[in-house]
Amino acid sequence: MPEFCLITWTESGMVKQPLVPPEPVTVGRLPGSTLMVDHPQVSRLHARLQWIAGDGLWQVSDAGSRAGTRLNGQRLEAGQSVGLAHGDLIMFGPVKFEFHAGAVDEGATLGVGGPSDSAERIEWLSEGRNEELSNEHLALLLAAGKDFHSGLDEAGIRQRLIQGVGDAIKFPNVAFVLRPQTEDDIQIAEHRGEIRDGSGRLRVSRTMLRKARDGQDGREGLVLVTDREDLTDNDMAASLERSASNQAFCIPVGPRGKFGFLYADSGAGRSSLDRASLEAAAQVALGLVRMATDSLKGVVAVRDMLDLVVDMVESTDPCTGGHSRRVAKIAELVAKEAGFDAASCKRIYECGRIHDIGKVSIDQQVLRKPGRLDDAEFAQIKRHPEEGHRILQKYDQFSETLSGVLQHHEKWDGTGYPHGLAGTEISEMGRVIAVADVFDALTCERPYRRAMPLEEARQMIARGSGTHFDPDMVSAFMAIPPDVLARYMEVGKAVTA
Ligand SMILES: [Fe+2]
């Protein structure tokens with residue numbers, strides 16, 4: 001059973017009230033209350049929490065208080081008991097608590113107040129505090145800001161953004177939508193909760209993405225639906241109706257959604273947040289998106305710089321011009337055919353772009369030698385995977401592509417280099433890149449060898465199944481239609497023209 005507790009934030013930090021089934025909990029000003037809340041607007045006996053063993057949940061009810069008890073902005077009626085879910089906000093008069101089921105991440109809070117026992121007298125924040133940006137929101141922003149600067153890669157930044165926004169707004173469904181390349185190409189990079197409706201369609205409507213990209217009502221970058229019923233846009237209303245979500249928002253990440261879009265909705269069966277709470281949480285989400293955007297800009301700048309280095313090294317050699325671009329594209333195709341998810345395919349593409357970056361450390365005379373290499377020269381060339389690994393290790397954002405760089409010359413039967421790994425000792429990324437790398441090498445013209453025709457090269461890859469290559473990756477490669485492969489064989493030629 002998860003641990004249950006109520007938490008709140010005071011000037012001295014987080015305060016946690018454990019809820020231990022089946023003991024009922026009383027909340028109020030009365031000394032002896034399980035949770036004593038010494039605030040003038042809290043009644044002596046204000047509310048009760050009760051464990052419902054049959055349902056395995058806690059219920060909250062108001063105990064006839066003067067200022068009332070609110071759950072997620074909705075005031076509880078007399079005699080009404082409502083079940084609690086993780087993340088619910090309960091207001092006892094003006095005092096806010098959050099219901100947690102499961103471990104509480106104390107690192108994500110302001111200060112180091114730590115848990116208190118129920119007898120502790122709680123000092124509430126001053127009345128005049130800014131309700132628009134609560135301490136809880138500030139804590140979220142601070143914790144996320146720290147993480148965004150801890151060297152996350154793009155996927156890590158997106159995941160951290162989703163977590164932060166989910167925590168800020170308490171919507172169960174949050175997604176990072178990649179910038180669509182075409183009208184029909186809406187892809188989710190990362191998400192939590194349910195982001196497709198019953199028919200498998202994505203909830204985020206094209207209209208919503210377009211409005212987020214172009215701005216709406218003079219508010220750049222935030223499309224906020226506070227009540228589906230008020231929507232005049234049929235496309236947006238229909239997409240929310242299909243999922244029974246009443247509230248949603250969408251924020252572009254980067255100018256006009258350069259890096260993608262953040263989308264969140266309230267899902268079915270949850271009571272709505274009041275407008276002020278929703279607006280406040282959306283402002284926090286905007287802040288998180290701005291921080292994530294800055295972080296993504298840094299990551300993209302490093303990647304663009306390395307891509308440039310690769311292109312420059314390759315452009316001096318007509319044999320390898322555009323090689324990494326083509327390997328990246330073909331490896332991505334193989335990964336898609338092999339059933340990898342969108343985020344993995346993107347990482348494999350990135351790995352393809354930089355898989356040979358270690359060649360910058362190899363003698364250019366040897367690299368460009370027109371003709372067969374002697375043993376000493378080949379030994380030099382064989383250093384490039386480890387050199388690449390060494391160079392990229394400095395950048396946290398490449399932590400998940402390192403294995404592909406290091407292992408793209410390993411062979412399934414263990415006869416490759418640098419470490420002679422075999423079978424699944426070689427990372428999936430290394431196994432995918434190996435197929436794409438050899439295919440491109442075969443189909444490129446060399447001074448000492450003509451370019452192999454497409455079909456011949458495909459058969460050569462097929463023959464390497466189980467010896468040079470992972471049979472699964474060869475099957476995935478062979479499933480790519482030859483005309484598609486032919487199209488990608490042209491990639492990068494323009495770079496070196
Ligand atoms: Fe290589």
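Trainee: Before we start, what should I know about the numbering and the model?

Mentor: Residues are numbered from 1 along each chain as its sequence is written, and side-chain values use heavy atoms, with hydrogens and water left out. This is a predicted model, in which local features need pLDDT of at least 70 and side-chain atom pairs count only at pLDDT 80 or more, while totals for chains, interfaces and linings use all residues.

Trainee: Let's begin with the metal. Which residues are the protein donors of the iron ion?

Mentor: Donors are N, O and S atoms within 2.8 Å of the metal (3.2 Å for Na, K and Ca); water is not among the atoms, so sites may look incomplete. Here the donors are Asp356 (OD), His384 (NE2), His408 (NE2) and His409 (NE2), at 2.1 to 2.3 Å from the iron ion. Their spacing in sequence is D-x27-H-x23-H-H. His384 belongs to helix α10 (residues 384-392) and His408 to the loop between α11 (402-407) and α12 (428-442), so this pair ties together parts that are 24 residues apart in sequence. Helices (H or I, at least four residues) and strands (E, at least two) are DSSP runs, numbered from the N terminus.

Trainee: What is the arrangement of the 4 donor atoms around the iron ion?

Mentor: Four donors count as tetrahedral if all angles lie between 85 and 135 degrees; four count as square planar and six as octahedral if opposite donors are over 155 degrees apart and all others between 65 and 115; anything else is irregular. The 4 donor atoms here subtend angles of 84 to 169°, which makes the arrangement irregular.

Trainee: Are His384 and His408 buried or exposed?

Mentor: Buried means under 20% relative accessible area, exposed over 50%, partly exposed in between (1.4 Å probe, protein chains only). Both His384 and His408 are buried.

Trainee: Now the aromatic rings. How many aromatic pairs are found in the whole structure?

Mentor: A pair of aromatic rings is described by the distance of the centres and the angle of the planes. Rings of Phe, Tyr and Trp (its six-membered ring) pair if their centres lie within 6.5 Å; planes under 30 degrees apart count as stacked, over 60 as edge-to-face and the rest as tilted. The search finds 8 aromatic pairs. One of them is Phe4 with Phe99, stacked at 6.0 Å centre to centre with 25° between the planes. Phe4 sits in strand β1 (residues 4-10) and Phe99 in strand β11, 95 residues apart. Both Phe4 and Phe99 are buried. For Phe378 and Tyr417, the ring centres are 6.3 Å apart and the planes at 80°, so that pair is edge-to-face. Phe378 counts as partly exposed at 38% relative accessibility, and Tyr417 counts as buried at 14%.

Trainee: Which residue does a cis peptide bond join to Tyr417?

Mentor: The cis bond runs from Tyr417 to Pro418, with omega near 10°. Another cis peptide bond joins Pro21 and Pro22, where omega is about 0°.

Trainee: Last one: how do helices α2 and α5 pack?

Mentor: Axes are lines fitted to C-alpha atoms, for helices over the stretch in contact, and angles run from 0 to 180 degrees between N-to-C directions. Angles under 35 degrees count as roughly parallel, over 145 as roughly antiparallel, 65 to 115 as roughly perpendicular and the rest as oblique. Helix α2 (residues 154-169) and helix α5 (residues 275-315) pack at about 175°, with axes 9 Å apart. They are therefore roughly antiparallel to each other.
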